[in-house]
Amino acid sequence: MKRFGIFSGSSGEKTRMPLVAGVPLGGIIPRKLIDDPHLLVSSQPGSPIAERYRRLRLKLDPPSAEGAPRQVIVVTSAIPEEGKTTTSLNLALAMAEDRDRRTLLIDADLRRPSVTRYITPQPTLGLSEVLTGAAPLDHVLVEIKASRLTVLPSGAPNSNPLELLQSDYLGGVFAELRRRFDRIVVDTPPTVPFTDAAVLNSVADGAILVVRARKTTRPLIERARQSLAHGVLLGVVLNDVEFTVIDRYYYQYDDYNPRRYATKPEEGQK
C-alpha cells in the first residue's frame, strides 16, 4: 500500500507525494556538518567569534515593536563573497544551542546554493521542490547530527527563482514552518543584484545585512538598504574584522579558567 504525505499551500490546494515506508525522506539518511573552520560555533565553541554570534542571537531575542517575537530572520548581503552564508550557519548553530527552542536554517538561495555544501551527505531535495509542489515539507527537512539544528536545503537550482518565490505557496510554507519552529534563519542571495531577499523579507520578521570590512563600499551598503526598505532591516553585521582589545582580553581572561588547570586524579583515587 502506498503512503502519502500531504502539503497544503496557501490556496488550499493539496499535493500528495509518496513516502518511503511512511518515513520522511529527511529522516532516512543521517547527515552532519562537515569539519570546516568557518563553522566556529561548532568547531571552536569557546572562541571570541563564537561568543559574538551568541551575542547576536541575544540581540535578536527581544520582541519587535509590535510585541511579536522575531521568529523569522533573513540574512543577506549587498554582493557575493561577503560571508552571509557562514553568518547564517553560525547564527543558526548559536540559536540551536537553546534546548528549549526549535531552530531551522533555510537555504533560500535558489540561484547559487551554499548551505548544502556544508552538509554531508549532500541533500538533493529542498525548498525548490516544496514550492513547485514536487515534494512535501516532511520529505525534505534534514536533521543535523550532534546538534539541535534542522535544515531546509535549497533543492535543485531553478531557472526562474524569483517567480518561484513569488508563488502562492511561499506564504503557506512559511506559515507551516512558523508552527513547527521557534527560530528560523533564512540564507538568501545578495540583495543588490537580485530581489529575492526583499521578497523573502516580506514573509519574515526582519533582515540582517552582512557587510565585509575593507570590501563593501558605502554606495553598495546604501543600495542594499534601499532594496530592503519595504521590510524591516534589523541591523548590520560587520564581517572579517581584525581582533580587538576585547578579544585579546577574552583570551587573557580565559587563561585563568580553573578548568584548564584541573589535574586528573591519580590512579586509585576518585
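Helices (H or I, at least four residues) and strands (E, at least two) are DSSP runs, numbered from the N terminus. This is a predicted model, in which local features need pLDDT of at least 70 and side-chain atom pairs count only at pLDDT 80 or more, while totals for chains, interfaces and linings use all residues. Residues are numbered from 1 along each chain as its sequence is written, and side-chain values use heavy atoms, leaving out hydrogens and water.

Is A135 buried or exposed? A135 counts as buried because its relative accessibility is 4%; buried means under 20% relative accessible area, exposed over 50%, and partly exposed in between (1.4 Å probe, protein chains only). The C-alpha atoms of A135 and L125 are 8.0 Å apart, and these residues are separated by 10 residues along the chain.

## The whole chain

The protein chain has 10 helices and 11 strands. Of its 270 residues, 45% count as buried.

## Helix α3

Now look at α3 (residues 84-96), with 13 residues. How does its span agree with 1.5 Å a residue? The expected span (1.5 Å times one less than the number of residues) is 18 Å, and the end C-alpha atoms are 18 Å apart, which agrees. Because 13 of the 13 residues of α3 are buried, this helix is largely enclosed by the rest of the structure.

A pocket, found on a 1 Å grid over the protein atoms alone with a 1.4 Å probe, is an open set of points with protein on both sides within 12 Å along at least five of seven lines; lining residues have an atom within 4 Å of a point. The largest pocket holds about 1,200 Å³ of space, a volume being the space filled by probe spheres set on the points. Of its 46 lining residues, Y53, G83, T86, T87 and N239 lie nearest the centre. The largest share, seven residues, comes from α2.

The second largest pocket has a volume of about 360 Å³. It is lined by 17 residues, with L33, S42, L93, A146 and S147 closest to its centre. Here β3 (32-33), α1 (40-43) and α3 give two or more residues each, and α1 gives the most, with three.
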